[in-house]
Amino acid sequence: MTTHIDYGPQDALLVVDMQNDFCEGGALAVSGGSALVPGINAQIAAARQGDALVFASRDWHPVDHASFEHRGGPWPVHCVQDTPGAAFHPDLVLPDDAIRVSKATAFDADAYSAFDGTGLGGYLRDRGIRRVVVCGLAMDVCVQATAKDARTEGFEVVLLGSLTEPVDPQGRERCQEALEQAGVEVRA
Ligand code: VGL
Ligand code: ZN
């Protein structure tokens, strides 16, 4: 069942990193990633219906990014700019006016949060946004960092718990507790 959010013009839906490399068959696949797509599409439709803003972040690394194993980083090569793995999931229905946010684009730095180095916080404030609704991948990496930063930036934050999956299958509870501690409302 889809979580019902009563979207309005002061809300932003932030779909985090629903890219091929984070879904089944991708370089850094999160189990259950692809299965989130229909529910996320329903949220996008509901957000538009309620005149909320829709954002989609993407991990968008240059070749030889500092986070890759061959550069001493923790991750296999993933989400290299303009490769199929970096593309949004083919079934994700992103309206043309959804705002794409690229992150972690520098050679020498990683950025897990969609707010990190993007100017997103200021932009949301300029648009009069008060609440940010978050879903996507991965729960224990970029979703967690993004939801925490959204709180730090002063927004009310709702995480759609059934529309996110962690890299570490054991990570869900720990992650949920940390987020609730940070003032994020986690909804089923
Ligand atoms: C992510 C690992 C490395 C994510 C990004 O989007 O959750 N995870 N880079
Ligand atoms: Zn990455």
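A polar contact is a pair of N or O atoms within 3.5 Å, where, within protein, one must be able to donate a hydrogen and the other to accept it. With that in hand, here are some close-up views of this predicted model.

**View 1. Tyr112 and its polar partner Trp75.** The side chains of Tyr112 and Trp75 are joined by a polar contact of 3.0 Å. You will find Tyr112 in the loop between β3 and α2 (120-126). Its relative accessible area is 31%, so Tyr112 counts as partly exposed. Beyond residues up to four places away in sequence, Tyr112 touches Pro74, Trp75, Lys103, Val141, Cys142, Ala145 and Thr146. For a sense of scale, the C-alpha atom of Tyr112 is separated by 19 Å from that of Gly183, 71 residues apart along the chain.

**View 2. Thr3, in the segment before β1 (11-16).** A polar atom of the Thr3 side chain lies 3.4 Å from the backbone oxygen of Ala188. Is Thr3 buried or exposed? With a relative accessible area of 14%, Thr3 is buried. Once its neighbours within four places in sequence are left aside, Thr3 is in contact with Gln43, Leu160, Ser162, Arg187 and Ala188.

**View 3. The site of the zinc ion (ligand 2).** Which residues coordinate this zinc ion? They are Asp59 (through OD), His61 (NE2) and His78 (NE2), at 2.0 to 2.2 Å. Along the chain, the donors follow the spacing D-x1-H-x16-H. Asp59 belongs to strand β2 (residues 53-59) and His78 to the loop between β2 and β3 (99-103), so this pair ties together parts that are 19 residues apart in sequence. Asp59 and His78 are both buried.

View 4. A search of the whole structure turns up 0 disulfides. Take Cys23, which is in no disulfide: the nearest cysteine sulfur belongs to Cys79 and is 9.5 Å away. Cys23 counts as buried because its relative accessibility is 1%.

Note on methods:
Residues numbered from 1 in each chain as written. Chains lettered and ligands numbered in written order. Predicted model: local features only at pLDDT ≥ 70, side-chain atom pairs only at ≥ 80, totals over all residues. Heavy atoms only, no water. Donors = N, O, S within 2.8 Å, 3.2 Å for Na, K, Ca; no water. Helix = DSSP H or I, 4+ residues; strand = E, 2+ residues; numbered from the N terminus. Buried < 20%, exposed > 50% of the residue type's maximum accessible area, 1.4 Å probe, protein only. Disulfide = S-S within 2.5 Å. Contact = heavy atoms within 4.5 Å.
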